Amino acid sequence: MSPIEEAARFLIRHDLRLATAESCTAGLIASRVAEVPGCGASLRCAIVAYAPDIKQSVLGVPAETIRRFGLTSEEVSLAMARGALSVAAANLAIANTGVADDGGDDDTPAGTQCFAWVFRNAGRTVEFSETVRFGGGRNDVREQAALWALSRVAHYHELAQRSFSVPAAT
């Protein structure tokens with residue numbers, strides 16, 4: 001079984017309903033899930049928010065977050081994931097933003113990708129983020145980023161389940 005198929009089957013087994021908020025991958029994360037037969041129930045929506053104004057208007061990413069941390073930041077990816085959860089009946093949002101080549105708006109190295117995974121359970125959310133740098137050309141980076149985003153779901157799901165098992169603070 002391919003890593004993409006393993007990730008998609010994991011979504012099904014754990015009743016995860018996925019929303020993606022994708023910048024650099026431009027929908028590849030959701031597309032890879034959709035390639036696996038039977039995964040339609042797991043995929044809720046894919047929002048491609050390439051432009052900063054779309055990140056703000058559609059996903060609700062605060063302009064201040066973009067100004068303060070830059071477009072290629074874990075803070076922006078987390079805000080994107082939160083925004084995807086706010087518009088979808090999902091319990092997992094994956095977001096990514098980054099630079100696939102030398103076309104970035106700052107001095108962020110090519111291949112830098114920032115990811116977020118936000119899990120929701122009974123009104124509570126648990127958030128994770130990380131930054132990874134991939135090598136290769138533009139489309140190589142995008143493909144690696146989509147695979148990375150999905151391959152980390154099981155890891156972060158386990159951590160989220162631990163967190164959800166701890167009673168919420170009142």
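What does the accessible surface of the chain come to, and what percentage of it belongs to carbon and sulfur atoms? In this predicted model, the accessible surface is about 8000 Å², and carbon and sulfur atoms account for 51% of that area.

## Overall build

The chain contains seven helices and five strands. Read from the N terminus, the elements follow the order α-β-α-β-α-α-α-β-β-β-α-α. The radius of gyration is 15 Å, close to the 15 Å that the globule rule gives for 170 residues, so the chain is as compact as a globular protein of that length.

Along the principal axes, the C-alpha atoms fill a box of roughly 45 × 40 × 25 Å. Of the 170 residues, 47% count as buried. Among contacts with a separation of 6 or more, 62% are between residues 24 or more positions apart.

## Nonpolar cores

In soluble globular proteins, nonpolar side chains tend to be buried together. Here the largest nonpolar core has 32 residues. Leu92, Ile94, Trp117, Phe119 and Val153 are the residues with the most contacts inside this core. At least two core residues come from each of the following elements: helices H1 (3-13), H2 (28-34), H6 (138-151) and H7 (153-164), together with strands E3 (92-98), E4 and E5.

## Helix H1

Which residues of H1 are buried? They are Ile4, Ala7, Ala8, Phe10 and Leu11. Viewed down the helix axis, the buried residues of H1 fall within an arc of 155°, so they line one face of the helix.

The buried residues of H1 pack against strand E1 (18-22) and strand E3, and also against helices H2, H6 and H7. After H1 comes Asp15, which has a positive phi near 50°.

## The E4-E5 hairpin

Strand E4 (residues 112-121) and strand E5 (residues 124-133) run antiparallel and are joined by ten bridges. Within this pairing, Gln113 stands opposite Val132 of E5. The two strands form a hairpin, with two residues between them. Ala122, in the turn, has a positive phi of about 50°.

In a regular strand the side chains alternate between the two faces of the sheet.

Note on methods. Residues numbered from 1 in each chain as written. Predicted model: local features only at pLDDT ≥ 70, side-chain atom pairs only at ≥ 80, totals over all residues. Heavy atoms only, no water. Pairing = 2+ DSSP bridges. Helix = DSSP H or I, 4+ residues; strand = E, 2+ residues; numbered from the N terminus. Core = buried A, V, L, I, M, F, W, Y, C linked by side-chain atoms within 4.5 Å. Buried < 20%, exposed > 50% of the residue type's maximum accessible area, 1.4 Å probe, protein only. Arc of directions from axis to C-beta. Contact = heavy atoms within 4.5 Å. Rg over C-alpha atoms; globule rule 2.2 N^0.38 Å. Areas by Shrake-Rupley, 256 points an atom, 1.4 Å probe, with all protein chains shown as cover.
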